[in-house]
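Hi,

Here's the structure I promised to pass on.

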Amino acid sequence: MTMRTRSLGTTGPQVSALGLGCMGMSALYGDADRAEGIATIHAALEAGVTLLDTGDFYGMGHNELLIGEALRTAPPALREQALTSVKFGALRGPDGSWAGYDGRPAAVKNFASYSLQRLGVDHIDVYRIARVDPDVPIEETVGAIAELVEQGYVRHIGLSEAGAQTIRRAAATAPIADLQIEYGLITRGVEASILPTTRELGISITAYGVLSRGLISGHFSADRKLGANDFRAHSPRFQGDNLQHNLTLVEALRKIAEAKGVSVAQLAIAWVLAQGEDIVPLVGARTRERLTESLGALDVVLEADDLAAIEAAVPADAAAGERYPAAAMEHLDSER
């Protein structure tokens, strides 16, 4: 495996071709093993992964503390290569409930202060609001991050789940390095207007959900029992007939993967990598075993015939069910 690099837009840093999404090490996918999470971050850094993605609301700060501990206990050379990508703005209750988003300038700076402390760093490499706050103009939110850039607390400005018009307004306010958005074989809404917009403006994509929360990893089965604290227990794509339909797509992918001598997960990640040098897939590995499998995607070469076969097996609109429950879909500026 040879780790390649890609640029986060025309204004952002060089990062590894794959980034590590750390959310699952703390929240939303059932119980997690803290020690294994830290070991997985260390293994990722050792393999050349540089981009570590988190959110200050993942486990109500737990994920940032975990990353902070991983960085603090990593060898200095590995610690120095790590780049942090942080989402902020989601409001949580003590019971884990969601209470909207806050993109006010004062809140932006407050969130950043806590993230810097939890991560144990003097700056955040890419900072972005997790969802556009409908009550605060994006110009004000981005302007506040731009002030943090001027003060040295943030290096680059990002966006998350923003629609095309919001992206244009943000980019007219300050340089935007990157848009984080869900993108994978069964989540391709970005292709209609968002991807053309980011490419026009020189903004990269960090793609989360490349395995659709494990749905198209090749490891998920219809009889798997999910706990109440697992997001997938409430996700439309994992319910009833939707799940059965979606797993038939996985079996179609499995045939292609087996013919190439790779796993389904590696094929799905390689497909995202093949969509352009401006796209950096985030792999949500929670264990070293899954990380190793994901990194194997870097060695998968997809020829034109392979891409055509994948497209035939899983057309752009093939998935059954929305990617989030209805209440969460309302917060997605990218869907408007």
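A quick word on angles before the helix packing: axes here are lines fitted to C-alpha atoms, for helices over the stretch in contact, and angles run from 0 to 180 degrees between N-to-C directions. Also keep in mind that this is a predicted model.

With that in hand, helix 8 (residues 240–260) packs against helix 11 (residues 304–313) at an angle of about 160°, and their axes are 9 Å apart. Angles over 145 degrees count as roughly antiparallel, so that is what helix 8 is relative to helix 11. Their crossing is right-handed. On the helix 8 side the contact involves L249, A252, L253, I256 and K260, which meet D306, A309, I310 and A313 of helix 11. Sorted by class, that contact has 7 nonpolar residues, 2 charged and no polar ones.

Next, helix 7 (residues 194–201). I194, L195, T197 and T198 are buried there. Looking down the axis of helix 7, you'll find its buried residues within an arc of 160°, so they line one face of the helix. Their cover includes helix 6 (164–173), strand 10 (176–182) and strand 11 (204–208).

Last one: R104, in the loop between strand 7 (98–101) and helix 4 (105–119). R104 has a relative accessible area of 47%, which means it is partly exposed. Leaving aside residues up to four places away in sequence, R104 touches D133 and V136. R104 and P137 are 8.7 Å apart in space, C-alpha to C-alpha, and 33 residues apart in sequence.

Cheers

Conventions: Residues numbered from 1 in each chain as written. Predicted model: local features only at pLDDT ≥ 70, side-chain atom pairs only at ≥ 80, totals over all residues. Heavy atoms only, no water. Buried < 20%, exposed > 50% of the residue type's maximum accessible area, 1.4 Å probe, protein only. Helix = DSSP H or I, 4+ residues; strand = E, 2+ residues; numbered from the N terminus. Arc of directions from axis to C-beta. Contact = heavy atoms within 4.5 Å. Parallel < 35°, antiparallel > 145°, perpendicular 65-115°, else oblique. Left-handed = near helix turned anticlockwise from the far one by under 90°. Nonpolar A, V, L, I, M, F, W, Y, C, P; charged D, E, K, R; others polar.
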